[in-house]
Amino acid sequence: MPKPFARDFKLNAVQMVKQQGKSASQVARDLGISPKTMHGWVQHYKEDPVSPFVGSGHLKPDAQAFRELERENHDL
């Protein structure tokens, strides 16, 4: 089973790629993680830089708002 990484760890790793100009492969080697994992994190960040790593069981802010509206409508 893959080891779960904290959101802050992922964000810091991606920032090393984005701000320091290091390659994703180099950052992966430096941190001791799989290059495939690192490339995935960079891709997730590119797709949604506002909330890229919401975590298991959590929703992105817009999806959470939509779910709450659906519940309100159902209650009404």
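1. A residue is called buried when its relative accessible area is under 20%, exposed when that value is over 50%, and partly exposed in between. These terms are applied below to a model that is predicted.

2. Overall composition. The chain contains four helices and zero strands. Followed along the sequence, its elements give the pattern α-α-α-α. Of the 76 residues in the chain, 24% are buried.

3. Packing of H1 and H2. Two packed helices are described by the angle between their axes and the distance between the axes. Helix H1 covers residues 7–20, and its axis lies 9 Å from that of H2, at an angle of about 135 degrees. H1 is therefore oblique to H2, since an angle would have to be over 145 degrees to count as roughly antiparallel. The crossing of these two helices is right-handed.

4. Residues between H1 and H2. H1 contributes Phe 9, Ala 13, Met 16 and Val 17 to the contact, while H2 contributes Ala 24, Val 27 and Leu 31. Sorted by class, the contact of H1 with H2 has seven nonpolar residues, no polar residues and no charged residues.

5. Packing of H2 and H3. Helix H2 spans residues 24–31 and helix H3 spans residues 35–47; the two pack at an angle of about 125 degrees, and their axes are 8 Å apart. The crossing of H2 and H3 is right-handed.

6. Residues between H2 and H3. On the H2 side, the contact is made by Ala 24, Ser 25, Val 27 and Ala 28; on the H3 side, it is made by Pro 35, Met 38, His 39 and Val 42. By class, this contact has six nonpolar residues, two polar residues and no charged residues. The student may note that Ala 24 and Val 27 of H2 are listed here and also in the contact with H1.

7. The salt bridge. Which side chains meet in a salt bridge? They are those of Asp 30 and Lys 22, with a distance of 3.7 Å from N to O. The structure holds one salt bridge. Are its two residues buried or partly exposed? Asp 30 has a relative accessible area of 43%, so it is partly exposed. Lys 22 has a relative accessibility of 31% and therefore also counts as partly exposed.

Methods. Residues numbered from 1 in each chain as written. Predicted model: local features only at pLDDT ≥ 70, side-chain atom pairs only at ≥ 80, totals over all residues. Heavy atoms only, no water. Axes fitted to C-alpha atoms, helices over the stretch in contact; angles between N-to-C directions. Left-handed = near helix turned anticlockwise from the far one by under 90°. Contact = heavy atoms within 4.5 Å. Nonpolar A, V, L, I, M, F, W, Y, C, P; charged D, E, K, R; others polar. Salt bridge = Lys/Arg side-chain N within 4 Å of Asp/Glu carboxyl O. Buried < 20%, exposed > 50% of the residue type's maximum accessible area, 1.4 Å probe, protein only. Parallel < 35°, antiparallel > 145°, perpendicular 65-115°, else oblique.
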